[in-house]
Amino acid sequence: MSEFPEGADAPPDITRRDLLRLLGASTALAGAAGCSRGATEFIVPYVDQPPEVTPGVPTLYATTMQIGGYGTGMVVECHEGRPTKAEGNPEHPASAGALGTFEQASILSLYDPARARLIARHGRPATWRQFVRAVAARQPKGKQIHVVLEPTSSPHVAGLIERARVRGDVVVHYHAPLGREAAWRGAALAFGRVVEPRWDFARAEVVVSLDADFLAAAATPMAWARAWARTRVLDAPDDRIGRLYAVEPRLTVTGMSADDRLAVQARDVRAVAASLLRELLVAGASLPAGLEVASGAARGMPTTPYDGWAKAVARDLRARAGAALVIAGDGQPPAVHAFAHAMNELLGAVGRAVTYGPSPVHEAGDASHDLAGLARAIDAGDVGALVVVGGDPAYSAAVDLDFAARMRRVPLTAYVGPYANDTARIADWFVPEAHFLETWGDARAFDGTPSIAQPVIRPAVEGYTAGQVLAAFVGIEDATSRDLVRTAWRSILSTGDFDERWARTLARGALEGGAAPPVTPPLDWDAIAGELRAPPAPPPTNALEVVYFGDAKVHDGRFANNAWLQELADPVTKLTWDNAALVSPATAARLGVAKEDVVELHVRGRTVRAPVLPLPGTADGVVALAVGYGQSVADMVSSGAGADAYAVRDSRAPWFDDVAVRTTPDKWPLALTQEHWSMEGRPIALTRTLDEYRSDPSFARRLNEAPLSLYGLRPAGVHQWAMTIDLNACTGCSACVVACMAENNIPVVGKGGVRLSREMHWLRIDRYFVEGRDGVASAVQPMLCQHCERAPCEYVCPVNATVHSSDGLNEMVYNRCVGTRFCSNNCPYKVRRFNFFNYNADKPDSLRLAMNPDVTVRARGVMEKCTYCVQRIRETEIRARREERPIRDLEIVTACQQTCPTGAIVFGDIADPTTRVSATRRNPRLYQVLQELGTLPRTRYLARVTNPRTAGRSS
Amino acid sequence: MSCVGWLPTRTPGLTLAIRAAGDRGLTSHLPQMRPVFAPSSDTLFRLCLGLAAAAIVAGPVALMLWVRTPYVTKQFNPVDQPVAFDHRHHVRDDGIDCLYCHYEATRSPYAGAPPTSVCMNCHSQVWPEAERLAPIRASWFQDRPLRWQRVHQVPAFVYFDHSAHVSHGVGCVECHGRVDLMGQVYAVAPLTMQWCLDCHRDPDPHLRPRSEITNMEWTPPRSPRETGAEVRRQLQVEPPVNCTACHR
């Protein structure tokens, strides 16, 4: 864990002679470069310009992305017909104006040159009609078509599924490696039916998360983080803030934000939940009638090591009854979900911090969400044709199902998907799947609100949707996706003028007032009592446990070929281009392994090899391994990245399982963006507890003083741009990092580049570990150009390529930069990035379509860094001037600020005391990072204030 | 020998030392031969050195002048276009305003070339069979865009915004010259950064009322500076000179 990357002090791999030769040649050629007159450019106007398009001005479209059956609305920015950036849609209940990493990076997947392009039968080009006929003419006659879909909430697909069911010759199954079956079954256990909890974190002063990573920006409604952040607003020392308890086996984004965190093995979360429920049942002063059985069962429970913790937390929860909420994560068994429902009932959360509604996912909780049924049908020989639409079950299905071998036994198989992956290689037929940004579709949000997905680009690939495939099987062979969606929506928009309402819903991005009405199902206390009485068998002590989880970057593997996500540093581990077996430092010591050591994980007789990464915060005895890596598809950016957790994941224990770890002498190099975990006692990411803050509210004052300086300040312009980042709200979810990459054309350097610390991210999120009260606490801090008023980089640039503007920006002038890197060397915040290679010029053509035309594409040898999204500042300035009005507060929104789900980033004009950013400058928590250097950064931070239990009452 | 050439040979000590070496007979055993370099070669050599020094200075200066020549800035160079479009006819004879075709100039960074449909507004009726309009009709009926050669070309790292200029009293003629008198359009402005900054630092002589933006023949009622100063106050023109005003 050294401060500098490996080999930083070693001589470069180049001889002196070669160096001189290159030096001479580049000097000679540098002069020649100035002699060109520039190639002739062409202006290519439209033949008939669409009325909504103004060349040079982006057009915005609302559309919807669906992951795991849950829709998220987004607004896509298109430049002359090519989407370049996806942002949140404030009108959509799941987005609430922010957007997670997957949804943002989906733009890059659209342009992925590795996407499949041709319909093929055994590798030979074929047509859609031939495909449909072949499935219809399947042998033996009369056998059913089995279709494997991804879970869907799409109204038009749901309608087609029902139609197929009526016909009787099509059977639909669903496959999602990170599905929510446990949550659905838990609801069914507690309520007798599948309902979807709708959490309102803004109304919960205390939240207990039982292994639920609800603050992550990975396939999670951003509305949750947005609501939670409203309980963390702390302007004056006397303000109340919420408290977050996290019980989890591995450190998550939620765990990093927790005020009180309990690291336990995943299988022990159930014991913690049961213990907590018992405390609420037994110690409650007056219980409603009908709970005698349950409280009796609770009394009979054996003691657990977590009873002390549970007692204290239960006291805290009861004190905040009505404003307390307990949630359970997808990786926990149904009983934990049922316990959470029961606790919310006892705490009076129902109707306040949680309401229930029907699940938007079609057939949620049904047996069709389990591939075991399909496996039985294949074994019985009932499957005439197997059509897999989306996903990659041959790779990601539970290993004991042996999906690939079973699929080979079906007489006719087809795969409709984006890539030529494992499933595609087995299938007889391959049909490219349309990307959601180039076709019509629809989806429902977690609360049931339906929204439409519309194409934002003319498709480059003849792709088909799940709806079109199903339609073909029910006899609608050549339906366009638009026709299918519009037909289904005629029943959703049944009142009023359809076309008018359709257009309005399309433009808005979600049906107004479209949430499904909430239901209040009665809790089945007898079932809860039954679960309380049947504690799981105590696991053998010291047994190691493997925990599988959805990756923050590739999810279930579907984004493995997305370079933005592969290079994104994991919010918690800071690992890029790989997954790793995460263990606590104590467990690593026990096993005798260190970082980058390869270990063999033996699970139920199967083995996977993975590199070790010791990570503080991981529960002892846990080996956490993200799924989605280790795909065997050739010629992709993902080739060779990570270890395949699916190779050992068993359907009987899909989330955690016993594991034996065997060490090997091998090494697996990992590319981490942050090797150094300590702040070395310096006030960098400042944290105080609420009690400490209240007893000394001016603790940060010293960190705002301007030391004496020989340098004067420059004359000020009308506006003075500045940014404040509230560390109390920042969760480290990394959505902003992807937003920055998309907005500012930031190149990807690959694993080798990251290992040499050459990653190009203008905005990174530093993660620190500090000794906390109970073990390890973590702190996160977004770090970007601080736009110092006395900028050290500016003093050392020999060619004036980095200078200060009159409105307070530290400007980087690419066309002046000669690449001395003095500025980067002199930057105390280490936020300057150097183009060691011509990363952008070497891109495939299709990826260039994703470039933002408003930002210069930097060439080799040029330094770059955060500009405060100066293109957005200037564009807004020009627009305001054109409309002869002043710039409104919060009118300029930087890319990171736009997508921050918790609103931690505020940008604006500090020359105007009425702006929001000026208000943050008066917050007592305000401080400058490395204030003692006298750089006067324009980016300032609000110190984080945690609210741990021992800090007393936060009232 | 050559080393004596560039050393200051008038340094008495060195010359003497060399002579002394000869006198001591170190070279006396060699046959007498004519010196390889005539005495004038010293002068020639010094001249070459002087020229080389001058070239080091003159080279960059020449390059700097070179990039400012109309050849490199592509000024005054009529450009062949796919359609023999004549601005003289359309602007002067027909009285069509600049913004009829370049209508995006007021609301977009790009003034843009008009879509084919704008040409067809008139030419579906006027001269519908003219030979020189064949490329327009081909574009329209085959749905293939025209490819116009760009006349005013700035580097890719320059973000120029037409709407910002047009709305702040910079007339078309200010940068594009008398397009109404051009058969084939050519650039009159060098589009160098110096040229941009000259105006951004002292905009007054270049400003005009908004009503006269597209007027090619407008002359200021008073001196250009006085009229422009009045416009600058009215429209609150404050041209930015920050790097990021144009380089983003």
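## Ground rules

A residue is buried if 20 or more other C-beta atoms, placed from the backbone, lie within 10 Å of its own. Helices (H or I, at least four residues) and strands (E, at least two) are DSSP runs, numbered from the N terminus.

This is a predicted model, where local features need pLDDT of at least 70 and side-chain atom pairs count only at pLDDT 80 or more, while totals for chains, interfaces and linings use all residues. Residues are numbered from 1 along each chain as its sequence is written, with chains lettered from A and ligands numbered from 1 in the order in which they are written.

## A covered strand in chain A

Take a look at β12(A), residues 260-263: Asp260(A) and Leu262(A) are buried on one side, and Arg261(A) and Ala263(A) are buried on the other. In a regular strand, side chains alternate between the two faces of the sheet.

β12(A) runs parallel to β11(A) (residues 243-248), with four bridges between them. Across from Asp260(A) you'll find Tyr245(A).

## The seven-stranded sheet

Chain A also has an open, mixed sheet ordered β6-β5-β17-β16-β15-β7-β8 (strands pair if DSSP finds at least two bridges between them). β6(A) (124-125) and β8(A) (170-174) are its edges, each pairing on one side only.

Within the sheet, β16(A) (residues 412-417) and β17(A) (residues 429-432) are parallel and share four bridges; Tyr415(A) has Phe430(A) as its bridge partner.

## Chain B

Chain B is built from twelve helices and one strand. Of its 248 residues, 21% count as buried.

Notes
Buried ≥ 20, exposed ≤ 12 C-beta atoms within 10 Å, placed from the backbone.
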